[in-house]
Amino acid sequence: MKEVKEKIMSKSFVIGISGSIGSGKSLIRHLLALRGVLTVDADELTHFLLAEDKSGYRVALQLFGDQILTKDGRIDRGRLGKIVFNDPQQLRILEDAIHPLVGEVFRTMLDNTACPLVAVEAIKLYESDLIRVVNSRWFVNSRVNSQIARLKTTRGMTHRQIADRLEKQAFPKDMKIDYYIENSRHITDAWEQVERVWCALMTGSVFRSAQKALQKKTPMFILDLPQ
């Protein structure tokens, strides 16, 4: 998908973190949080929007009907997942409806936060409105065996389920990436890569100004993970 929409200016410097399922995007987001960055998980925003009586709940109910509800009226994400992940067209319909809502919530958060540095993790970063507010694009890579091990441990997925999800995942061929992070090894290696990217960003005046503003607002207790 080509990035044809005009960028939306934000008072915060926004880092966008994308990558395949199981690549370890959340780890990179958490390492940024240790530096005082306000971090947001787009999946968590989606889960919030799908809660009963929220806008995403009403939209999903209109699209897929009562079949996605539990007996007590909540959305069963397992049932919804079976519908959309087995049918690319249904997945696109859901994403087209939910992504704008996620973007709206995130922009509201940006408008109301005093934090000058924000990071958002989103597997569909390049296919949603979130890309319009991002200043720096990070893409997390990982070896397939590492992805499989993570997904089995964290999500209880079977090897077949993982292989199916990985096979169906695709990213825009023309997506622009500023920094790659290879996340197949130890956490200390990921920490060192984040450190290098951070230092590289410090050469830019916009990020440097945001980082200085962050130091004034937040005590910078940076954990020395290798030790």
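Is Phe85 buried, exposed or partly exposed? Hold on to that one for a moment, everyone, while I say what we are looking at. This is a predicted model, in which local features need pLDDT of at least 70 and side-chain atom pairs count only at pLDDT 80 or more, while totals for chains, interfaces and linings use all residues. Residues are numbered from 1 along each chain as its sequence is written, and side-chain values use heavy atoms, with hydrogens and water left out.

Back to the opening question. Phe85 is partly exposed, with a relative accessible area of 34%. On this scale, buried means under 20% relative accessible area, exposed means over 50%, and partly exposed is in between, using a 1.4 Å probe and protein chains only. Phe85 lies in helix H4, residues 77–85. Helices (H or I, at least four residues) and strands (E, at least two) are DSSP runs, numbered from the N terminus. If we leave out residues up to four places away in sequence, Phe85 touches Leu91, Arg165 and Lys168; contact here means heavy atoms within 4.5 Å. Compare that with Ala119: Phe85 and Ala119 are 34 residues apart in sequence and 27 Å apart in space, C-alpha to C-alpha.

Now let's turn to the sheet. It is an open sheet of five strands in the order S2-S3-S1-S4-S5, with parallel pairing. As a reminder, strands of a sheet pair through backbone hydrogen bonds, either parallel or antiparallel. For us, two strands pair if DSSP finds at least two bridges between them. Which strands stand at the edges? They are S2 (38–41) and S5 (179–182), each with a single partner strand, so one side of each is left without a neighbour in the sheet. From one strand to the next, the twist averages 20°.

Let's walk through the pairs. S1 (residues 13–19) joins S3 (residues 117–121) in the parallel sense over five bridges, and Phe13 has Leu117 as its bridge partner in S3. S1 also pairs with S4 in the parallel sense, over five bridges. There, Gly16 has Arg137 as its bridge partner in S4, and Gly19 stands opposite Val140. Val140 in turn has Ile181 as its bridge partner in S5, where S4 and S5 pair in the parallel sense over four bridges.

How many residues of S1 are buried? Seven of the seven, so S1 is largely enclosed by the rest of the structure. Phe13, Ile15, Ile17 and Gly19 point one way from the strand, Val14, Gly16 and Ser18 point the other way, and all are buried. In S4, five of the six residues are buried, so that strand is largely enclosed too.

Next, the helices on the sheet. H1 (residues 25–33) lies across S1, S2, S3, S4 (136–141) and S5, running at about 155° to S1. H2 (residues 42–49) packs on the sheet as well, touching S2 and S3, and its direction makes about 60° with that of S2. For these angles, axes are lines fitted to C-alpha atoms, for helices over the stretch in contact, and angles run from 0 to 180 degrees between N-to-C directions.

Helices also meet each other. The axes of H2 and H5 come within 10 Å and cross at roughly 110°, which makes H2 roughly perpendicular to H5. The cut-offs are these: under 35 degrees is roughly parallel, over 145 roughly antiparallel, 65 to 115 roughly perpendicular, and the rest oblique. Ala42, Leu45, Thr46 and Leu49 of H2 make the contact with Ile98, Leu101, Val102, Val105, Phe106 and Met109 of H5. Those residues divide into nine nonpolar, one polar and no charged. Here Ala, Val, Leu, Ile, Met, Phe, Trp, Tyr, Cys and Pro count as nonpolar, Asp, Glu, Lys and Arg as charged, and the others, Gly among them, as polar.

H3 (residues 55–64) and H5 (residues 88–112) also have axes that come within 10 Å, crossing at roughly 155°. That makes H3 roughly antiparallel to H5. On the H3 side we find Ser55, Gly56, Val59, Leu63 and Phe64, which meet Gln90, Ile93, Leu94, Ala97, Ile98 and Leu101 in H5. This contact has eight nonpolar, three polar and no charged residues.

One last stop: Asp53, in the loop between H2 and H3. Asp53 has a positive phi of about 75° although it is not a glycine. Is Asp53 buried or exposed? Asp53 is exposed, with a relative accessible area of 58%.
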